[in-house]
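Here are a few notes to keep beside you as you look through this model for the first time. Please read them with the structure open.

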Amino acid sequence: MAQPEVSAELQRFIQQETQMAQVQQMVATLTDVCWDKCMSSAPGTYMSSKETTCLQNCAKTFVEATQFVLQRAQHKAGGAEGMGNF
């Protein structure tokens, strides 16, 4: 039995929702990893400058690493299809 064809509009919607879910998952992971790494004590009324700097550096490194991995995956997928991005 043939499956019904999915409209282009529905495909775009699904793709956008998938991307939003991926971003939300990345933010949740970033929060968990960086919080555990940088926060030395229970949260108070303010963070120390050391904690603030650590969180900023951790988040930046996490985002850069994620972008690198995604670009690498896209490059490999594109190479497999003969349509590389690089």
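Which residues make up the largest nonpolar core?

1. **The core.** Seven residues form the largest nonpolar core: Leu 30, Cys 34, Cys 38, Met 39, Leu 55, Cys 58 and Phe 62. A nonpolar core here is a set of buried Ala, Val, Leu, Ile, Met, Phe, Trp, Tyr and Cys residues joined through side-chain atoms within 4.5 Å. Buried means under 20% relative accessible area, exposed means over 50%, and partly exposed lies in between (1.4 Å probe, protein chains only). The elements giving two or more residues to this core are α1 and α2.

2. **How to read the model.** This is a predicted model, in which local features need pLDDT of at least 70 and side-chain atom pairs count only at pLDDT 80 or more, while totals for chains, interfaces and linings use all residues. Residues are numbered from 1 along each chain as its sequence is written, and side-chain values use heavy atoms, with hydrogens and water left out.

3. **Helix α1.** Helices (H or I, at least four residues) are DSSP runs, numbered from the N terminus. Helix α1 covers residues 8–38. From first C-alpha to last, its 31 residues reach 44 Å, close to the 45 Å expected at 1.5 Å a residue; the expected span is 1.5 Å times one less than the number of residues. Within α1, Leu 30, Cys 34 and Cys 38 are buried.

4. **The first disulfide to look at.** A disulfide is a pair of cysteine sulfur atoms within 2.5 Å, and by this rule the count comes to two. In the link between Cys 34 and Cys 58, the sulfur atoms are 2.1 Å apart. This pair connects distant parts of the chain, with Cys 34 in helix α1 and Cys 58 in helix α2, 24 residues apart. The link is left-handed, with -85° about the S-S bond. Both Cys 34 and Cys 58 are buried.

5. **The other disulfide.** Cys 38 and Cys 54 are also joined, their sulfur atoms 2.0 Å apart. Cys 38 lies in helix α1 and Cys 54 in helix α2, so the pair ties together parts that are 16 residues apart in sequence. The S-S torsion is about -70°, so this disulfide is left-handed. Cys 38 is buried, with a relative accessible area of 7%, whereas Cys 54 is partly exposed at 22%. Numbering the bonded cysteines in sequence order gives the pairing 1-4, 2-3.

6. **Around Leu 30.** Contact means heavy atoms within 4.5 Å. Not counting residues up to four places away in sequence, Leu 30 touches Trp 35, Ala 59, Phe 62 and Val 63. Val 63 is found in helix α2 and is partly exposed, with a relative accessible area of 29%. Val 63 and Leu 30 are 33 residues apart in sequence, yet 8.3 Å apart in space, C-alpha to C-alpha.

7. **Trp 35.** This residue sits in helix α1. Why does Trp 35 count as partly exposed? Its relative accessibility is 37%. Between the C-alpha atoms of Trp 35 and Cys 58 the distance is 9.0 Å, with 23 residues separating them in sequence.

8. **A residue worth a look: Glu 51.** Glu 51 belongs to helix α2, which covers residues 49–81. Glu 51 is buried yet has no salt bridge, that is, a side-chain nitrogen of Lys or Arg within 4 Å of a carboxyl oxygen of Asp or Glu. The nearest side chain of opposite charge, Lys 50, is 8.2 Å away. For charge, Lys and Arg count as positive and Asp and Glu as negative; His and the chain ends are not counted. Leaving out residues up to four places away in sequence, Glu 51 touches Cys 38, Met 39, Ser 40 and Ser 41.
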